[in-house]
Amino acid sequence: MANVMKKVDVLIVGFGWAGSIMAKELTEAGLHVVALERGPHRDTYPDGAYPQVIDELTYNVRKKLFQDLSKSTVTIRHNPSQTAQPYRQLAAFLPGTGTGGAGLHWSGVHFRVDPMELRMRSHYEERYGKNFIPEGMTIQDFGVTYDELEPFFDKAEKVFGTSGSAWSIKGKVVGKGRGNPFAPDRSDDFPLPPQKRTYSAQLFAKAAESVGYHPYDLPSANTSGPYTNTYGAQMGPCNFCGYCSGYACYMYSKASPNVNIWPALRQEPKFELRDNSHVLRVNLTDDKKRATGVTYVDAQGRQVEQPADLVILSAFQFHNVHLMLLSGIGKPYNPITNEGVVGRNFAYQNISTIKAFFGKDVHTNNFIGAGGAGVGVDDFNADNFDHGKYGFVGGSPFWVNQAGVKPISGLPVPQGTPGWGSKWKAAVADHYTHHVSMDAHGAHQSYRTNYLDLDPNYKDAFGQPLLRMTFDWQDNDIKMSQFMHGKMRKIAEAMNPKEIIGAPKTQGTHFDTTVYQTTHMNGGAIMGENPQTSAVNRYLQSWDVPNVFVPGASAFPQGLGYNPTGMVAALTYWSAKAIREQYLKNPGPLVQA
């Protein structure tokens, strides 16, 4: 028998970026808000205390800040003919857990979005014709425009303390030299100037210019100087220690919910955060048209029922989808009939990497770095080039994002080097500080055959079915990978290195769970304008249960060329404004189906 708590106005599931933004916005509206986080309490102190946090074995190898897969995980298969197997060791992607979620351990690359990607299907059909989109590709428009979201991108950057170089502000070009000429217009400048460029980034920028590309400073949520954000939270200047991704920042320099929002929320008497609270389901009325709260398991293993008027699912992408499926919110997706909405349009990131090795006279000092700092090129991102003759959908930024090469996990060596022994040691010594790594951070499209559902065979520690991921690379992904790799290799060749390694995907390449790619999982509870093909409307409100809102990358109908965090933050602020100004005045559907 679950212990029933006193009813609250708002119940938030997950306390990462989306959850913390929603909590701050809705407590400002005068609502009593409770947030439930499945993981333990974490904060910059003591989790980011120096020197303990500079410990690669604990954080990057033993994955201290990441999800405990012994309690709950996903199962993975390449196609429906296979039996999915549990993902038992973190490698390909790294969901966070604990206060701050993935927002505590992320790198800090803080992009907006290319406006075209918000109306991707419409754009491609208008420019290239409907037949250009491959059969089985299920890309959709987001249902919201860049102009509508622009104030919320600006708001998020001021909360995050983002460093960067603007190209144009209110239609006036201001950023020649270090700005991105392909970037959409802005209403205001970045809060802070761009990060300093590492030597690797300088080499990349010079080489990119020499082949006719347009390098720019990456927008970085690692501060280039001291900063106090709009909530009064203070940040210190980044010192390029090289311990960003996978770590809590001991300098208070990397934006995180813990640094940028939690200090203000702590002072809100109407806000409560409960860590170690694993939500089992959203409770619904008998007709499944309204949520009444959630049931969760607390730190002592007791079932607790928390009633609420409004439920916000703001967990990691596939946790949102999992909870919707377990709770019966929305019709599950059926890939055979192409009907249903929850689980459809699962997408990832289409990465290709090149490493260039130099002689000992070129010192790249790879041990220094900042998670979001670097130089990018957008000449082949989004639809900044003519796709017509190449026969694939999607684009990719290229960049050098030197975040600090670690002494255990980050030791690239030339081809032919043995995997251990004296020759391996010699190769490490010769190349550790004499190489440059660059990535094509390709957008990934959604397909009918890539989807999420409940696994019929495996259960988690709480006796519930695991989420099943059916996913593999498609022909379009391989074409794009090969094209982008070739264009990026021109930059590497212009650096005149001794050796270049790295290869694109080839026909028959399958998704590999053993190699890290990104933690940029998208879709499964997508937004849109049609309840037959989307789980939530343009305000991230469930079509079926209108007092449930679902912010996060689960709302993306397909993957982006850019990292998703900036888009997640802007969409969450957009959704919160709709709740405050529309839903609270007249609870019910904000968009009529």
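Let's start with a pair of serines: the side chain of serine 107 makes a polar contact with the side chain of serine 245, at 3.5 Å. Please keep in mind, everyone, that this is a predicted model.

So where does serine 107 sit? You'll find serine 107 in the loop that lies between helix H4, residues 102-105, and helix H5, residues 120-128. And which residues does serine 107 touch, if we leave aside its neighbours within four places in sequence? Serine 107 is in contact with Asn222, Cys244, Ser245, Lys254, Gly371 and Gly372. Here is one more distance for you: serine 107 and tyrosine 247 are 140 residues apart along the chain, and their C-alpha atoms are separated by 8.7 Å.

Now, let's move over to strand E2, which covers residues 8-13. Of its 6 residues, 5 are buried, so strand E2 is largely enclosed by the rest of the structure.

What does E2 pair with? Strand E14, residues 303-313, runs parallel to E2, and 5 bridges join the two. If you'd like a place to look in that pairing, find isoleucine 12, which stands opposite isoleucine 312 in E14.

E2 also pairs with strand E3, residues 33-36, again in the parallel sense, and over 4 bridges. Here, look for valine 13, whose bridge partner in E3 is leucine 36. To get from E2 to E3, the chain crosses through helix H1, residues 17-28, and this β-α-β crossover is right-handed.

Note on methods
Residues numbered from 1 in each chain as written. Predicted model: local features only at pLDDT ≥ 70, side-chain atom pairs only at ≥ 80, totals over all residues. Heavy atoms only, no water. Contact = heavy atoms within 4.5 Å. Polar contact = N/O pair within 3.5 Å; in protein donor to acceptor, adjacent residues only side chain to side chain. Buried < 20%, exposed > 50% of the residue type's maximum accessible area, 1.4 Å probe, protein only. Pairing = 2+ DSSP bridges. Right-handed = clockwise from strand over helix to strand, strands pointing away.
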